[in-house]
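Trainee: I have a structure to study and would like to work through it with you step by step. Could we begin once it is on the screen?

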Amino acid sequence: MAATTHSSPMSFLLSHPQPRSATPGTRLPLRPAARRVRCATDAAAASTKHRRAADENIREEAARHPAPKQGLSAWYEPFPPAPNGDPNERYSLDEIVYRSSSGGLLDVRHDMEALARFSGAYWRDLFDSRVGRTTWPYGSGVWSKKEFVLPEIDPDHIVSLFEGNSNLFWAERLGRDHLGGMNDLWVKHCGISHTGSFKDLGMTVLVSQVNRLRRAPLSRPIAGVGCASTGDTSAALSAYCAAAGIPAIVFLPANRISLEQLIQPIANGATVLSLDTDFDGCMRLIREVTAELPIYLANSLNSLRLEGQKTAAIEILQQFDWEVPDWVIVPGGNLGNIYAFYKGFEMCRVLGLVDRVPRLVCAQAANANPLYSYYKSGWTEFQPQVAKPTFASAIQIGDPVSVDRAVVALKATNGIVEEATEEELMNAMSLADRTGMFACPHTGVALAALFKLRDQRVIGANERVVVVSTAHGLKFSQSKIDYHDSKIEDMACKYANPPVSVKADFGAVMDVLQKRLKGKL
């Protein structure tokens, strides 16, 4: 798809989006001189704009300038529609409901006809105009797409830490030196967010909706929000609940998450229960508890979170100036994220922001690979499994809630599922680190899948590829320490780089440097 030329969006679009009077889809190019005049005019207007009163915050300022009603709405529908179910079954987002009447999943559906009253060019300009601003709540990478997320929520109910807007890192050296000369390889650093993982994108939506439900006039009796977690979900939930003053309850599998992940919900004041089971056992317990107590369920069984996570896909399109990449590779555990990326891309395609969607790859650790096994069987029968320990602990899930969602996303995009052994994922992570990244093991799973698909010539050297990095490497420092100390059993640790103990002596230091830099001096 050819790059799109953008004219400068009008400032009122930040909080007062209106349909253009021009024919939908038409865009008049500006000559360079005209662009300079407009930029100068915009700068002059900005310099004369009055700053808000000293005793007023950005939330209060936004309340004085409410956006006009656009007639946009969203609701829950069964996913997928039950063959013999009620075709009219739907639920308000203000209802506390997690499953359909048949016991299946729910999905948030938007009034696409209402959204389509505005052209794709309109939505592109609107979203681009909000990037990097502090206007509440549009400074968030999620809420800058509010109309595609929760169009009816009052901005005053939104709980945001200005998440998203994460870096799209050009992996120049990794692609050039280690992947056969790939010159268009990118890593979407979703872990560069408030709590260090992509889970922030979904949690801002879920906790905002809970905040809405607890406030008048709805005043629902929600005592707190709970989740089962392999680490990152608990960190995100605890931070957003702390910001909103809502109690958080976290079920964690004992001794199966990193200390860095464990300390986050503790520091944010959550009630943390360390349980002698795995994630799937924690998930069963939290569902039983939330069925008995007024505790709102925050796991990805709740489709609200996917509405926030899908905005990472829209961000990728923005960062490529609305050009569509050829491939997007996503680590998969509970499998909501792969569907969220598909949903974001597909929504943009249907509404005319782009003309196609990328092919998706779901990458799983070989020790927790139920989707990979399902895919290799030709989608004949899904078999849950007991996940084995993996350094990619956040995706150590053997019975994923969103398997049906993932299958829909992969089939719709002619997608692929690939796996990575423990040695493959740790080597891929460590090799990426040597080219300037600081990846988490889950990113290592996705990178290892890329290496395999390049070796198989499924992905070409000249294709544009985005690898999704789901968490910050600092949250998994112990696994990196063990790797570089070569302390991982039955693993060669090919790229280990331990520190060298040297006497504080010039000659000893020179001997080491001469040896290390042999042929380079």
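Predicted model: local features only at pLDDT ≥ 70, side-chain atom pairs only at ≥ 80, totals over all residues.

Trainee: Is aspartate 177 buried, partly exposed or exposed?

Mentor: Buried means under 20% relative accessible area and exposed means over 50%, with partly exposed in between. Arginine 173, its salt-bridge partner, has a relative accessible area of 39% and is therefore partly exposed. Aspartate 177 has a relative accessibility of 39%, so this residue counts as partly exposed.

Trainee: How many residues apart in sequence are the parts that glutamate 323 and arginine 464 tie together?

Mentor: Glutamate 323 forms a salt bridge with arginine 464, the closest N and O atoms being 3.2 Å apart. Glutamate 323 lies in the loop between α12 (311–319) and β10 (327–331), while arginine 464 lies in the loop between α17 (441–455) and β13 (465–469), so the pair ties together parts whose separation in sequence is 141 residues.

Trainee: Are aspartate 94 and arginine 212 buried or exposed?

Mentor: The side chains of aspartate 94 and arginine 212 meet in a salt bridge of 2.7 Å, N to O. This pair links distant parts of the chain, 118 residues apart, with aspartate 94 in the loop between β2 (91–92) and β3 (105–110) and arginine 212 in helix α7 (residues 199–214). As for their accessibility, aspartate 94 and arginine 212 are both buried.

Trainee: Why does tryptophan 379 count as buried?

Mentor: Tryptophan 379 lies in the loop between α14 (370–376) and α15 (403–412). Leaving aside neighbours within four places in sequence, its contacts include Leu371, Val407 and Leu410. The cut-off for buried is under 20% relative accessible area, and tryptophan 379 counts as buried because its relative accessibility is 19%.

Trainee: How far away from cysteine 190 is the nearest cysteine sulfur?

Mentor: A search of the whole structure finds 0 disulfides. Cysteine 190 is accordingly listed as being in no disulfide, and the nearest cysteine sulfur, which belongs to cysteine 440, is at a distance of 10 Å.

Trainee: What is the relative accessibility of cysteine 348?

Mentor: Cysteine 348 is likewise in no disulfide, and the nearest cysteine sulfur, that of cysteine 190, is 15 Å away. Cysteine 348 counts as buried, with a relative accessibility of 0%.

Trainee: About how much accessible area does the nonpolar patch with Val500 and Phe506 have together?

Mentor: One of its members, valine 500, is placed in the loop between α18 (477–484) and α19 (506–516), and at 42% relative accessibility this valine counts as partly exposed. The patch on the surface is formed by Val500, Val502, Phe506, Val509, Met510, Leu513 and Leu517, and their accessible area together is about 580 Å².

Terms used:
Residues numbered from 1 in each chain as written. Heavy atoms only, no water. Patch = residues over 30% accessible without salt bridge, like charges linked within 9 Å, V, L, I, M, F, W, Y side chains within 5 Å. Areas by Shrake-Rupley, 256 points an atom, 1.4 Å probe, with all protein chains shown as cover. Salt bridge = Lys/Arg side-chain N within 4 Å of Asp/Glu carboxyl O. Helix = DSSP H or I, 4+ residues; strand = E, 2+ residues; numbered from the N terminus. Buried < 20%, exposed > 50% of the residue type's maximum accessible area, 1.4 Å probe, protein only. Contact = heavy atoms within 4.5 Å. Disulfide = S-S within 2.5 Å.
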